[in-house]
Amino acid sequence: MIRLSRESVHLAGVPARNHLVLAAGVLGTCASSLSRVLHQGAGAVVTKSIGPEPRYGHAGPCVVVLEDGVMNAMGLPNPSRDFVEELSTLVNEPVIVSIFGGNPEEFHEVAGWFAEKAQAFELNVSCPHAAGFGAQIGTNPDVVKACTEAVKEWKKPVWVKLTPNVTDITVIGKAAEEGGADAIVAINTVRAMRISTGLRRPVLGNKFGGLSGKAVFPIAVRCVYELYEACSIPIIGCGGISCAEDVIEMMMAGAEGVEIGSAVVQDPEIFRHIGEELYAPDGISAREIVGCAHV
Amino acid sequence: MIRLSRESVHLAGVPARNHLVLAAGVLGTCASSLSRVLHQGAGAVVTKSIGPEPRYGHAGPCVVVLEDGVMNAMGLPNPSRDFVEELSTLVNEPVIVSIFGGNPEEFHEVAGWFAEKAQAFELNVSCPHAAGFGAQIGTNPDVVKACTEAVKEWKKPVWVKLTPNVTDITVIGKAAEEGGADAIVAINTVRAMRISTGLRRPVLGNKFGGLSGKAVFPIAVRCVYELYEACSIPIIGCGGISCAEDVIEMMMAGAEGVEIGSAVVQDPEIFRHIGEELYAPDGISAREIVGCAHV
Amino acid sequence: MSDGLPVPVTITRVVQESPGVTTIFFDQNFSSNPGQFVMVWVVGTDEIPMALSYPNAVTVQRVGEATSALVTMKPGEKIGIRGPFGNGFTIRGKILAIAGGVGTAPLLRIGLEYPDVTFLLGARTASELIFYSVLSSTCDVRIATDDGSAGYHGYVAGLLDEIDLDEYENIVVCGPDPMMRSVLSVLENRDVLEKSQFSMHRYMKCGVGLCGSCCIDPNGLCVCKDGPVFSGEMLLRSELGKYHRNAAGLKEK
Amino acid sequence: MSDGLPVPVTITRVVQESPGVTTIFFDQNFSSNPGQFVMVWVVGTDEIPMALSYPNAVTVQRVGEATSALVTMKPGEKIGIRGPFGNGFTIRGKILAIAGGVGTAPLLRIGLEYPDVTFLLGARTASELIFYSVLSSTCDVRIATDDGSAGYHGYVAGLLDEIDLDEYENIVVCGPDPMMRSVLSVLENRDVLEKSQFSMHRYMKCGVGLCGSCCIDPNGLCVCKDGPVFSGEMLLRSELGKYHRNAAGLKEK
Ligand SMILES: Cc1cc2nc3c(=O)[nH]c(=O)nc-3n(C[C@H](O)[C@H](O)[C@H](O)COP(=O)(O)OP(=O)(O)OC[C@H]3O[C@@H](n4cnc5c(N)ncnc54)[C@H](O)[C@@H]3O)c2cc1C
Ligand SMILES: Cc1cc2nc3c(=O)[nH]c(=O)nc-3n(C[C@H](O)[C@H](O)[C@H](O)COP(=O)(O)OP(=O)(O)OC[C@H]3O[C@@H](n4cnc5c(N)ncnc54)[C@H](O)[C@@H]3O)c2cc1C
Ligand SMILES: Cc1cc2nc3c(=O)[nH]c(=O)nc-3n(C[C@H](O)[C@H](O)[C@H](O)COP(=O)(O)O)c2cc1C
Ligand SMILES: Cc1cc2nc3c(=O)[nH]c(=O)nc-3n(C[C@H](O)[C@H](O)[C@H](O)COP(=O)(O)O)c2cc1C
Ligand code: FES
Ligand code: FES
């Protein structure tokens, strides 16, 4: 297997300790858990998505673990503005604040709260199961561009996280780029459902949810590959990554770094374990492989 | 587990022996293999998709088997009009001819060749990896409607098979319904890619392919559920079904019957095995459970 | 596909343990360590964490919407069970169990299945004491009520004064946060923290260490996965008894 | 994720066996039964089925684009391998192997690894005989060439006249379709079909019994999964020697 050198990395404006970033919404509601993930070897962490008002999330079940993935419909629970205080212990750490809103103004407002504390913003325009937010914004290129521009006013790096639940993801990627995004994150979860045959109804409280984990890896690689051909800004690969080999594959598709979420279910120390396998003193620079599968 | 009674079923105009249909493109190029699958217990079979000209398909690799699914980019290889002769041994069998074309006229022409022989047509407006065909048609509701109308002129049942690679699958489902479709089949494969890290390029000859098998089951259930709420014609569920319980789950989402493809890799006698588990003398009628998860 | 979907079970028996607490038995056993929990899907309402009081039962205190729906269910109705999840207690030797209110549920099996258990049972008032009779047949049970209507008059932590803690190899505790914090203080003062284990409860959505809603300060451990059972030493400098986070992640006292 | 993606291997040695046939050795062994095959990904060109002539080699006859690309590859270059796939031969006792042209490849390991093998080797002309010397060190090898430039003058089936077929417990055959059909006829006439096994080749795209491109009439079996080795009895009333289907599924003679 190809191994990478442990280099200090700038992931689209964020000084990260390595290429492995904790994905949004996973262990991301407390400063203490974010800090724990950093200590366990994540190069940077993305917070739970924070919105204009506190939300308590959908009724449960909110998560089911499948054989080869995870399905969730959390419903964007978040403490809203109180999270500014929560982050105060993490000021100089590589923390990317994920935010969402119902329109560009809300994105601008929420970002403003964190303008002092965040190293960067990640815009969640892609959650497939929260009415009025997320994917309902992220399927419209004009809105994506406007939200990106609105947050860009705070002069921080802005990553825009895309939904795969669109006919052509490159249209949305290009809109983010035009809006001034510093990076594209691909992908958020894939809209999905499972039904309990015993109870004769969808298992998630919200009925619909988002699929993540191994099952979506080939979809995520495809999206990153398509975006790499269509856009010129850096791409952060996300979706189903669970080992060092997957990281290499995502990089070859065009990702400069990766985000990892669901894999913590099988291995809470996934960042340390992937890091141990991925990096070696005689490793090569990631630059040598990013996008190399575009032949 | 719920078990069904072995009833003679009319699946959207097709007199089928049970609810389990062989999916298009799987063991579907020879009359002999179709007949074998029928003997092994399929209720009906869909042929390989047939188009206006013979095609030899994409360069290999065309298929890779993943841990939890299959990825393929066959490239719609097919013998075109010669397939009429091939089917002559199957005249009174429950055979659904899958067809594709680049426009409504081609769909009409190809269907015409089989108007005497097919029990029904399935329109492949959904293959995610053949330029100019399949999904490039199936993402446009107007074209889907026109293709359906064109084939409907032959006065045979018409099933329209949809791609999940769209922002809103119900828009396409409704277009098929307006065009006079007798059923909707959901889903075709999900656009995907894997990269060989050792060889530093996409593993499929066509680079992009379609994901099928277990990995896509939650996506297929979701699509069937959405279509059941939006459309009034029968739905045939397809995607990742590999056991009797999956069949029940698809039916609860709204499917009157199911198609099964990739699962033959793990078990070439999958139809017999699922049938043995699914049906019982004291089983209930499928009618009792189709769509029952819409609470 | 077999996977982690909720397992549908049918309720077989509903037993009222006290005015506010009901045990719901179902038709399937789940093998677990005492202290592990399951996510109970109260269909149409919510999914909530519950200790398995028996291999085939949960014991529910009615506090809000989901618990109210659950305690009014009838035999024949179905619920869904995910799990068991979490670590559970490590049990060896002579055991002191300290339970407050419905916190008795995760400790019940210890009282019933292990040979040498002293069980301290606390509640606000006599009618709220649960599992007293079943426990007295297998262990040495001592009682405390806040209002003095039965047993010791005062908090269950007060019962510890009369107990020689050196006798016990393990001290297992479950109850409301303030009760656990006060027990923790007593055990610290009497220098036996290292043999204590506390079963924590925090707002849970996933149960599998993913969503982060159950994480506790200051070390960010997941109550659902790293717990719910933690050593007293670990909890000493934790948020226990000070605050917890609600469903939105907002801190509450 | 470990799965059925092509395994990348590096070519270590390229051996020209005859003007048109080349053995490509690589740096990894694949354990297989003789007669199983792999899908060889000739990067940038195509993926094609090939017998493993050795655990770490395929022996390639140049016939078109992919085989031409493959035989001109150099040590150090990489190819991808999926498999092994298919059933392989069942081998026991004294064996008669009958090979035509590059059909020798799937039989080679039988000649080298089993104790009691008679090997009938056919080719169009002397220079096209492959593996003669390596096989003669381990088996009784007899030769036939269409042009009489070495050994028996005529088709390899002709060699059967001089052989007492009752001596053999298994008869294994691989070669071009017409050659296999003629061997099949001889074996039928001499009433030994039930101990014969033929390795078939048909157009293959998936190798795993999914796409249907390799199916044979009249029973619709997949050469890639149910075969490539079939009993002579099964093939008697098959399409063998009459037609096959090409990549588009069109019948060809
Ligand atoms: C590991 C664990 C084991 C538990 N075991 C038991 C038990 O055996 N018996 C029992 O009666 N109770 C148990 N609980 C507490 C029980 O989960 C809550 O009482 C229940 O969730 C309340 O739901 P509700 O809809 O009725 O109340 P709500 O009105 O929704 O909330 C009332 C209060 O209950 C708590 N709560 C609500 N939802 C949750 C949730 N998803 N996770 C955690 N707490 C929540 C909150 O503090 C909330 O303020 C346990 C909790 C945990 C974490
Ligand atoms: C199970 C099996 C084992 C084989 N073992 C060997 C071997 O050990 N050595 C060897 O030299 N050859 C072997 N072959 C034949 C080999 O696969 C073909 O010669 C090769 O695929 C030709 O590819 P090409 O691109 O060079 O030729 P093309 O120009 O593409 O085609 C030339 C002819 O080769 C055949 N062919 C082409 N592609 C395929 C394909 N995907 N599957 C099957 N046949 C194809 C067709 O008959 C075609 O007409 C085997 C075939 C099978 C099915
Ligand atoms: C429980 C859970 C909660 C999530 N919450 C968020 C969120 O708040 N914001 C967001 O942008 N993505 C969220 N996601 C999506 C992940 O960040 C990630 O895009 C997705 O899970 C795919 O990556 P994975 O396969 O590595 O998990 C969530 C995913 C899960 C499983
Ligand atoms: C090898 C292969 C070839 C396929 N060819 C076709 C085809 O020609 N036409 C079509 O409509 N669908 C085709 N499909 C899609 C399947 O019919 C089916 O929609 C998809 O595989 C999902 O079902 P499954 O998970 O049960 O395989 C093909 C799928 C595979 C794996
Ligand atoms: S409940 Fe989700 S991490 Fe504990
Ligand atoms: S090659 Fe696909 S079924 Fe045999």
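A polar contact is taken here as a pair of N or O atoms within 3.5 Å; within protein, one of the two must be able to donate a hydrogen and the other to accept it, and residues adjacent in sequence count only if both atoms are side-chain atoms. The model is predicted, so local features need pLDDT of at least 70 and side-chain atom pairs count only at pLDDT 80 or more, while totals for chains, interfaces and linings use all residues. Residues are numbered from 1 along each chain as its sequence is written, chains are lettered from A and ligands numbered from 1 in the order in which they are written, and side-chain values use heavy atoms, with hydrogens and water left out.

The side chain of D:Arg109 makes a polar contact of 2.9 Å with that of D:Ser32. D:Arg109 counts as buried because its relative accessibility is 8%, where buried means under 20% relative accessible area, exposed over 50%, and partly exposed in between (1.4 Å probe, protein chains only). Not counting residues up to four places away in sequence, D:Arg109 touches D:Ser32, D:Asn33, D:Pro34, D:Leu52, D:Ser53, D:Tyr54, D:Pro55 and D:Tyr114, contact being heavy atoms within 4.5 Å.

In chain C, C:Thr59 sits in strand S5 (residues 57-61). With a relative accessibility of 3%, C:Thr59 is classed as buried. Two polar contacts involve its side chain: one with the side chain of C:Thr23 at 2.8 Å, and one with the side chain of C:Ser53 at 2.7 Å. Leaving aside neighbours within four places in sequence, the residues in contact with C:Thr59 include C:Glu17, C:Val21, C:Met50, C:Val102, C:Ile130 and C:Phe131. For orientation along the chain, C:Ser238 is 179 residues from C:Thr59, and the C-alpha atoms of the two are separated by 27 Å.

Turning to the interface of chain D and chain B, 41 residues of chain D are in contact with 43 residues of chain B. The size of an interface is often given as the accessible area lost when the parts come together. For this pair of chains the buried area is about 3200 Å², 62% of it on carbon and sulfur atoms; the value is the accessible area (1.4 Å probe) that two parts lose on being put together, summed over both. On the chain D side, D:Trp41, D:Lys205 and D:Leu210 lose the most area to chain B, together 21% of what that side buries.

Across the interface of chain D and chain B there are two salt bridges, a salt bridge being a side-chain nitrogen of Lys or Arg within 4 Å of a carboxyl oxygen of Asp or Glu. D:Asp226 and B:Arg36 form a salt bridge through their side chains, at 3.1 Å from N to O. The interface of chain D and chain B also holds 11 residue pairs in polar contact, with both residues at pLDDT 80 or more. Strands S4 (46-54), S6 (78-85), S13 (215-216) and S14 (221-222) of chain D each supply at least two residues of the side that touches chain B. The most come from S6(D), with four residues. By class, this side of chain D has 19 nonpolar, 11 polar and 11 charged residues; Ala, Val, Leu, Ile, Met, Phe, Trp, Tyr, Cys and Pro count as nonpolar, Asp, Glu, Lys and Arg as charged, and the others, Gly among them, as polar.

Over all chains, the count comes to 48 salt bridges. One of these pairs C:Asp226 with A:Arg36, the closest N and O atoms being 3.1 Å apart. C:Asp226 lies in the loop between strand S14 (221-222) and strand S15 (229-231) of chain C and A:Arg36 in helix H1 (residues 31-39) of chain A, so the pair joins two chains. C:Asp226 is partly exposed at 24% relative accessibility, whereas A:Arg36, at 19%, is buried.

Within chain C, the side chains of C:Asp116 and C:Lys94 meet in a salt bridge of 3.7 Å, N to O. C:Asp116 lies in the loop between helix H2 (105-113) and strand S8 (117-123), and C:Lys94 in the loop between strand S6 (78-85) and strand S7 (95-100), so the pair ties together parts that are 22 residues apart in sequence. C:Asp116 is partly exposed at 37% relative accessibility, and C:Lys94 is partly exposed at 24%.
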